[in-house]
Amino acid sequence: MVLGIESSCDETGVGIVSGGRLLAHVVASSMDEHARYGGVVPEIAARAHLQAFTPVVQEALAQAGIGVRGIDAVAVTTGPGLSGALQVGLAGAKSLAYAAGVPLYGVHHLAGHVAADTLEHGPLPDPSMVLIVSGGHTSLLLVRDLVRDPILHLGDTVDDAAGECFDKVARVFGLPYPGGPAIDRAARDGNPRAVTFPRPLLGSKDAPYAFSFSGLKTAAARWAEQHLLRGEDIPLADGAASLQEAVADVLTHKALAACRQYDVRTLVVVGGVAANSRVRALAEARCEAAGVELRVPPLTLCTDNGAMIAAVGDLLVRAGAGPAPLNVSVDPSAPLEYAALHPHAAPARAA
């Protein structure tokens with residue numbers, strides 16, 4: 001029984017996984033508190049984690065039908081993320097591990113997103129191509145054994161992530177935060193070919209698998225501003241549909257190109273933007289045409305949650321990985337190299 005804790009941003013998530021089976025999945029979100037500011041406020045997020053931690057843990061234990069003594073290991077996100085938010089989760093995880101007398105594992109947040117798919121579809125094929133798309137990350141990874149082997153980065157975003165692009169353009173469009181779901185809803189009645197937005201780095205030979213969404217964000221903002229300057233209403237449906245199409249086109253084009261080059265027959269799309277309807281639909285169509293299996297977690301496992309962290313912890317335990325040291329700390333900007341993330345706290349300075 002591995003209990004996983006996720007607190008890297010604005011969701012306090014706790015999940016319990018045993019032998020690859022999801023037994024509990026509870027999330028408390030502070031998103032409504034951040035919406036008035038148009039983005040996540042770190043101090044508010046940290047306070048919300050403090051308030052939600054104990055109730056969420058208790059509910060997860062109740063779902064699994066066990067007490068604290070029924071836990072065999074605790075896994076927690078130690079990076080990347082908001083420093084204060086991560087510290088709350090780690091402090092709580094250390095307390096639980098100590099109380100239960102069980103080992104503690106530090107987990108990389110992005111590895112959690114990859115592992116989320118295993119809770120629905122079983123073990124990842126070796127190798128798998130993984131496209132991570134979220135508010136802060138857009139990466140294309142070649143994954144073999146998730147918890148034993150190093151993770152190969154084929155490409156990452158060089159500026160804005162896909163989710164960040166949605167959030168910022170939604171604000172210009174006058175849509176609410178978070179921008180991704182708002183753009184998706186607005187796009188339902190729009191024409192995805194109404195506006196010819198750029199496809200950044202789509203034909204790049206120097207960085208074929210790198211991503212860049214800053215220019216697309218700027219192009220969409222300028223398009224909206226031109227309508228406002230002329231005293232016109234922004235054609236929201238067409239603009240949202242065209243923006244969504246550009247993002248989905250770039251993501252899926254590069255992912256399938258990587259599958260061809262590396263002869264990988266499975267594409268896994270994870271992260272918050274994997275919930276976007278057009279990203280999912282275009283990925284499905286292009287994978288089917290290319291003879292590539294597409295795996296996307298259920299919507300409830302796409303956004304940040306503790307179940308995905310428990311899934312990594314479960315894999316680490318079954319692989320015989322060593323637990324985190326007692327002085328494990330957080331790394332808010334940790335690169336994704338391995339699924340386990342055990343940064344050490346800085347030594348105390350002499351008085």
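This is a predicted model: local features need pLDDT of at least 70, side-chain atom pairs count only at pLDDT 80 or more; totals for chains, interfaces and linings use all residues.
Colleague: Where does D249 lie, and what is it in contact with?
Modeller: D249 sits in helix α9. Leaving aside neighbours within four places in sequence, its contacts are R199, L202, L282 and R286.

Colleague: What makes L201 partly exposed?
Modeller: Its relative accessibility is 31%. Buried would need under 20%, and exposed over 50%. The value falls in between, so L201 counts as partly exposed. L201 lies in the loop between α7 and α8. It also has a positive phi of about 60 degrees although it is not a glycine.

Colleague: Why is D263 called exposed?
Modeller: D263 has 58% relative accessibility. The cut-off for exposed is over 50%, so D263 counts as exposed. The loop between α9 and β9 holds D263. D263 is not a glycine, yet its phi is positive, at about 55 degrees.

Colleague: What makes α4 mostly covered?
Modeller: 8 of its 8 residues are buried. Among them are H109, L110, H113 and V114. Each of the buried residues is under 20% relative accessible area.

Colleague: How do you know that both faces of β7 are covered?
Modeller: Take the two sides in turn. T138, L140 and L142 are on one side, and S139, L141 and V143 on the other. All are buried. In total, 6 of the 6 residues of β7 are buried.

Colleague: How many bridges join β7 to β8?
Modeller: There are 4, and the strands run antiparallel. That meets the threshold of at least two, so β7 and β8 pair. G155 in β8 is the bridge partner of L140.

Colleague: In which sense do β9 and β10 pair?
Modeller: Parallel, over 3 bridges. T266 stands opposite E293 in β10.

Colleague: What is the strand order of the sheet, and why do β8 and β10 stand at the edges?
Modeller: 5 strands form an open sheet in the order β8-β7-β6-β9-β10, with mixed pairing. β8 and β10 each have a single partner strand, so one side of each is left without a neighbour in the sheet. From one strand to the next, the twist averages 20 degrees.

Colleague: Which strands does α9 lie across?
Modeller: β6, β7, β8 and β9. α9 runs at about 160 degrees to β6.

Colleague: What makes the set of 51 residues a nonpolar core?
Modeller: Its members must be buried residues of the nonpolar kinds, joined through side-chain atoms within 4.5 Å. The largest such core has 51 residues. M129, L131, F213, L243 and L267 touch the most other members. Elements that give two or more residues include β6, β7, α8 and β9. α9 gives the most, with 13.

Colleague: What does L267 touch?
Modeller: Not counting residues up to four places away in sequence, its contacts include M129, L131, A255, L256 and C259. There is also a second, separate core of 32 residues, which includes A75, I132, V143 and L316.

Colleague: How many residues line the largest pocket, and which lie nearest its centre?
Modeller: The lining has 49 residues. D10, G135, D167, Y177 and P178 lie nearest the centre. About 1300 Å³ of space lies in the pocket. α6 provides the largest share of the lining, 7 residues.

Colleague: Which peptide bonds are cis?
Modeller: Two to look at. G79 to P80 is cis, with omega near -15 degrees. P80 is in the loop between β4 and α3. D126 to P127 is cis too, with omega near 5 degrees. P127 lies in the loop between α5 and β6.

Key:
Residues are numbered from 1 along each chain as its sequence is written. Side-chain values use heavy atoms; hydrogens and water are left out. Buried means under 20% relative accessible area, exposed over 50%, partly exposed in between (1.4 Å probe, protein chains only). Contact means heavy atoms within 4.5 Å. Axes are lines fitted to C-alpha atoms, for helices over the stretch in contact, and angles run from 0 to 180 degrees between N-to-C directions. On a 1 Å grid over the protein atoms alone, a cavity is a set of points where a 1.4 Å probe fits but cannot get out, and a pocket is an open set with protein on both sides within 12 Å along at least five of seven lines; lining residues have an atom within 4 Å of a point. Grid points are joined across faces, edges and corners, and a volume is the space filled by probe spheres set on the points.
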